[in-house]
Amino acid sequence: MHEFGITESIISIVLGKAKEAQAHRISQINLVVGELSGFVSDCIQFYFDFLSKDDIAEGAVLNFELAPAQLRCQHCSTIFRPQDTSWACPECQSQDVEIAGGRELYVKSIEVE
Amino acid sequence: MKRIEVVQNILEANDSIAAQNQQLLNRNGVFAINIMAAPGAGKTSLILQTIAKLKDKLRIAVIEGDVASTLDSEKVRNEVADVVQINTRNMSESCTLIANMVGHALSRLPLGDIDLLLIENVGNLICPSEFALGEHKRVVISSLPEGDDKPAKYPVIFADADAVVINKLDFLPYVEFDIDSFQNALKGLNPKIEIFQVSCKTGAGIEDWCAWLLKELEANKHKAQTKK
């Protein structure tokens, strides 16, 4: 449900960039979506198909690059991927961790003609 | 075919409106908190307890966010005059408040006459964490009947919170809830987090919660004044 607004934002960003480049068609949009971002790629695709009708982004392939969840241990600085619901450091077992990656949500690049 | 580098944050639009909302609040000396929780954890109850405790000291306003109904805003309207209800059912984002909804709500409030703005977000532990509204502090309520595994299941919203209110302490004899382990899990995600144990039913713990709110409100006022 909350992918509707961000899909509108994606379209606004890519149309702006395409216009700057004087492109007449956007063929591909490369997106980075973090594993912890709470946004679902299928929902973005669904809204994109609906919202991009009749503009130069219509028909563009959406390419989703998943940015994996990454945590940093506050005690030993180990960077690791969380295992299921356990966020303890695999090196020192500390539960003091911060999110180092996986919250990304950005348009990386577009391909235009 | 040509590739164009973009590298632009998709939430920039929301973040930018949130920043404008916060500037508007600061110009009017309003301290705002974003209250998030699962449905039924006690957001409205905490708001009502807060109003009861602080309405003689502060001018309070409330923004209520729900998918449907005015049930919450009706309860609150008995206690304070300035309440705006946002029903997200027919909006593009129904599962959370977003910055532009709050921006519109702010335009319907007499900001110059408000000290404390309580924003009750839509009941949800996932989506609200992604959308800044312009608040000064983020508060998550977690209640005893929901279980003590919420930080493990919904880490992002707890990692971002400035404070967590553990509500329904009156349930302690009836449910298995390891308060120490819950608090340790929270502090692991966010060492600076403030934690309050309350019962909105009995009023236990509300005084400490309100003391923190007052302290943060004053600190925010001081910060705004030193920037001038």
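The model is predicted. Chain B gives 30 residues to the contact and chain A gives 35 residues. The area buried between the two chains is about 2900 Å². Strand E1 of chain B gives the largest share of the chain B side, 8 residues.

**The A–B interface**

- The size of an interface is often given as the accessible area lost when the parts come together.
- Here that area is about 2900 Å², and carbon and sulfur atoms give 62% of it.
- In chain B, Ile4(B), Val6(B) and Ile10(B) lose the most area to chain A. Together they account for 22% of what the chain B side buries.
- There are 3 salt bridges between chain B and chain A. One salt bridge joins Arg3(B) to Glu111(A), with the closest N and O atoms 2.5 Å apart.
- Three elements of chain B give two or more residues to the side that touches chain A: strand E1 (2-9), helix H6 (155-159) and helix H7 (179-189).
- By class, the chain B side has 16 nonpolar, 7 polar and 7 charged residues.

**Strand pairing across the chains**

- Strands of a sheet pair through backbone hydrogen bonds, either parallel or antiparallel.
- E1(B) pairs with strand E6 (residues 105-112) of chain A. The sense is antiparallel, over 6 bridges.
- Within this pairing, Asn9(B) of E1(B) stands opposite Tyr106(A).

**Helix H7 of chain B**

- The buried residues in H7(B) are Ile179(B), Phe182(B), Gln183(B), Leu186(B), Gly188(B) and Leu189(B).
- An α-helix has 3.6 residues a turn, so residues three or four places apart point the same way.
- The cover over the buried residues of H7(B) includes elements of both chains. From chain A comes strand E5 (97-101). From chain B come strand E6 (137-143), helix H5 (150-153), H6, strand E7 (163-167) and strand E8 (194-197).
- At the start of H7(B), Asp178(B) places a side-chain oxygen within 3.2 Å of the backbone nitrogen of Asp180(B).

**Strand E3 of chain B**

- Strand E3 (residues 60-66) of chain B has 7 of its 7 residues buried, so this strand is largely enclosed by the rest of the structure.
- Ile60(B), Val62(B), Glu64(B) and Asp66(B) point one way from E3(B). Ala61(B), Ile63(B) and Gly65(B) point the other way. Residues on both faces are buried, the charged Glu64(B) and Asp66(B) among them.
- E3(B) pairs in the parallel sense with strand E5 (residues 116-120) of chain B, over 5 bridges.
- E3(B) also pairs in the parallel sense with strand E4 (residues 83-87) of chain B, over 5 bridges.
- Glu64(B) takes part in both pairings: Glu120(B) in E5(B) stands opposite Glu64(B), and Gln85(B) in E4(B) is a bridge partner of Glu64(B).

**A three-stranded sheet in chain A**

- In chain A, 3 strands form an open sheet with antiparallel pairing, in the order E4-E3-E5.
- Strand E4 (79-80) and E5 of chain A are the edge strands, and each pairs on one side only.
- Strand E3 (residues 70-73) of chain A pairs with E5(A) in the antiparallel sense over 4 bridges. Gln70(A) stands opposite Gly101(A) in E5(A).
- E5(A) is also among the elements that cover the buried residues of H7(B).

Note on methods. Residues are numbered from 1 along each chain as its sequence is written. Chains are lettered from A and ligands numbered from 1 in the order in which they are written. This is a predicted model: local features need pLDDT of at least 70, side-chain atom pairs count only at pLDDT 80 or more; totals for chains, interfaces and linings use all residues. Side-chain values use heavy atoms; hydrogens and water are left out. Contact means heavy atoms within 4.5 Å. Buried area is the accessible area (1.4 Å probe) that two parts lose on being put together, summed over both. A salt bridge is a side-chain nitrogen of Lys or Arg within 4 Å of a carboxyl oxygen of Asp or Glu. Two strands pair if DSSP finds at least two bridges between them. Buried means under 20% relative accessible area, exposed over 50%, partly exposed in between (1.4 Å probe, protein chains only). A polar contact is a pair of N or O atoms within 3.5 Å; within protein, one must be able to donate a hydrogen and the other to accept it, and residues adjacent in sequence count only if both atoms are side-chain atoms.
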